[in-house]
Amino acid sequence: MFALINDARIANGKTRLGWINPNLYRLAEIDQNKYFNDVVKGYNQGAFTDHGVAFNAAQGWDACTGWGTPKFDALFDAFVNIEQVLGD
């Protein structure tokens with residue numbers, strides 16, 4: 001995904017992205033549902049629990065699914081133009 005984003009940035013005369021994590025967090029703070037499909041049901045199994053559930057999915061960020069699954073088109077547009085999106 002980020003190789004495609006970097007290709008688009010280079011094609012538009014911009015630099016490659018560097019460390020993306022801070023900007024992912026900022027985008028999620030701005031509008032998590034715009035950039036991610038929130039997973040609210042389910043769990044992951046844990047080997048060291050009595051009931052086999054390590055973390056449950058929940059609304060918003062959770063230890064089971066993070067923010068959810070990425071919405072490629074929205075993230076692509078945001079990261080190709082990240083300077084404008086975040087006002088940096």
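**Briefing: helix α3 and its surroundings in a predicted model**

Residues N23, L24, L27, K34 and Y35 of α2 meet A74, L75, A78 and F79 of α3, where contact means heavy atoms within 4.5 Å. By class, this contact of α2 with α3 has 7 nonpolar, 1 polar and 1 charged residues; Ala, Val, Leu, Ile, Met, Phe, Trp, Tyr, Cys and Pro count as nonpolar, Asp, Glu, Lys and Arg as charged, and the others, Gly among them, as polar. The model is predicted: local features need pLDDT of at least 70 and side-chain atom pairs count only at pLDDT 80 or more, while totals for chains, interfaces and linings use all residues. Residues are numbered from 1 along each chain as its sequence is written, and side-chain values use heavy atoms, with hydrogens and water left out. Helices (H or I, at least four residues) and strands (E, at least two) are DSSP runs, numbered from the N terminus.

**The nonpolar core**

- The largest nonpolar core has 17 residues, and those with the most contacts inside it are L24, L27, Y35, F36, L75 and F79.
- Helices α1 (2-11), α2 (21-35), α3 (72-80) and α4 (82-86) each supply at least two residues of this core, and α3 gives the most, with 5 residues.
- Such a core is a set of buried Ala, Val, Leu, Ile, Met, Phe, Trp, Tyr and Cys residues joined through side-chain atoms within 4.5 Å.
- In soluble globular proteins, nonpolar side chains tend to be buried together.

**Helix α3 and its cover**

- The buried residues of α3 are A74, L75, A78, F79 and V80; buried means under 20% relative accessible area, exposed over 50%, and partly exposed in between (1.4 Å probe, protein chains only).
- Among the elements that cover these residues are α1, α2, β1 (36-37), β4 (69-70) and α4.
- Leaving aside neighbours within four places in sequence, L75 is in contact with M1, I5, L24, L27, Y35, F36 and P70.

**How the helices pack**

- The axes of α2 and α3 are 11 Å apart, at an angle of about 140°; axes are lines fitted to C-alpha atoms, for helices over the stretch in contact, and angles run from 0 to 180 degrees between N-to-C directions.
- α2 and α3 are therefore oblique to each other, given that angles under 35 degrees count as roughly parallel, over 145 as roughly antiparallel, 65 to 115 as roughly perpendicular and the rest as oblique.
- The axes of α1 and α3 come within 9 Å and cross at roughly 40°, which makes α1 oblique to α3.
- F2, L4, I5, A8 and R9 in α1 meet F72, L75, F76, F79 and V80 in α3, a contact with 9 nonpolar, no polar and 1 charged residues.

**Individual residues**

- I5, in helix α1, counts as buried because its relative accessibility is 0%.
- Beyond its neighbours within four places in sequence, I5 is in contact with L17, L75, F76, F79 and V80.
- N23, in helix α2, counts as buried because its relative accessibility is 17%.
- Beyond its neighbours within four places in sequence, N23 is in contact with F79, I82 and L86.
- I5 and N23 are 18 residues apart along the chain, and their C-alpha atoms are separated by 14 Å.
- G52 lies in the loop between β2 (43-45) and β3 (53-56) and is partly exposed, with a relative accessible area of 25%.
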